[in-house]
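Here are my notes on the model you sent over.

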Amino acid sequence: MPPNALSKLVCRKSEDNRVLGFHFVGPNAGEITQGFALALALGAKKKDFDRLVGIHPTDAESFTSLSVTKSSGESWVAAGGCGGGKCG
C-alpha cells in the first residue's frame, strides 16, 4: 500500500535542532498546519516534537516519532503504524 501522507520537519542543527518549518502532504493538511504553526512561532525544537503525545489514530501523530534524517540515507517510508484512521 502506498504511503497515506508525508510528514517532515526542517530543523537547524546548529541551533539545537530548532524547527524552521515542516512539510505535510495528506488528509487534513490545513488543520495540521494551523496546529503546528504555533509551535514554530514559539521556537519549538525537534525534542519538543519528540515529547509530544500524538492523538491516535491521526496523520498528525507522525510528527511525534520522526527519526529518519536526510543524511542517514534510510528509507522515509514507514512500515505499519497508523495514519488517517487506518492502522496496519
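**Notes on the model**

The side chain of Glu-61 reaches the backbone nitrogen of Thr-58 at 3.2 Å. That contact is a handy place to start, and I come back to Glu-61 below. Keep in mind throughout that this is a predicted model.

1. **Layout.** The protein chain has two helices and four strands. Reading from the N terminus, the order is β-β-α-α-β-β. Of its 88 residues, 18% count as buried.

2. **Core.** Which residues make up the largest nonpolar core? There are nine of them: Leu-9, Val-19, Phe-22, Phe-24, Ile-32, Phe-36, Ala-44, Phe-49 and Phe-63. Strand S2 (18–25) and helix H1 (29–41) each put in at least two residues. S2 gives the largest share of this core, with three residues.

3. Glu-61 is buried, yet it has no salt bridge. How far away is the nearest side chain of opposite charge? That side chain belongs to Lys-46, and the distance is 14 Å. What the Glu-61 side chain does have is the backbone nitrogen of Thr-58, at 3.2 Å.

4. **Lys-46 and its partner.** Lys-46 forms a salt bridge with Asp-50, and the closest N and O atoms are 2.3 Å apart. The two residues sit four apart in helix H2, so about one helical turn separates them. How do they differ in burial? Lys-46 is buried because its relative accessible area is 16%, under the 20% cut-off. Asp-50, in contrast, is partly exposed, with a relative accessible area of 39%.

5. **The Arg-Glu-Arg network.** The structure holds six salt bridges. Side chains of opposite charge can pair when their charged atoms come close. Arg-12, Glu-15 and Arg-18 are linked in a network of such bridges. Glu-15 meets Arg-12 at 3.4 Å, N to O, and also bridges to Arg-18, where the closest N and O atoms are 2.5 Å apart.

6. **Nonpolar surface.** Leu-6, Val-25, Val-68, Trp-76 and Val-77 make a nonpolar surface patch of about 450 Å². Trp-76 is the member I'd point you to: it lies in the loop between helix H2 (46–51) and strand S3 (82–83). Why does Trp-76 count as exposed? Its relative accessibility is 55%, and the label applies over 50%.

Key. Residues numbered from 1 in each chain as written. Predicted model: local features only at pLDDT ≥ 70, side-chain atom pairs only at ≥ 80, totals over all residues. Heavy atoms only, no water. Patch = residues over 30% accessible without salt bridge, like charges linked within 9 Å, V, L, I, M, F, W, Y side chains within 5 Å. Areas by Shrake-Rupley, 256 points an atom, 1.4 Å probe, with all protein chains shown as cover. Salt bridge = Lys/Arg side-chain N within 4 Å of Asp/Glu carboxyl O. Buried < 20%, exposed > 50% of the residue type's maximum accessible area, 1.4 Å probe, protein only. Lys, Arg positive; Asp, Glu negative; His and termini not counted. Polar contact = N/O pair within 3.5 Å; in protein donor to acceptor, adjacent residues only side chain to side chain. Core = buried A, V, L, I, M, F, W, Y, C linked by side-chain atoms within 4.5 Å.
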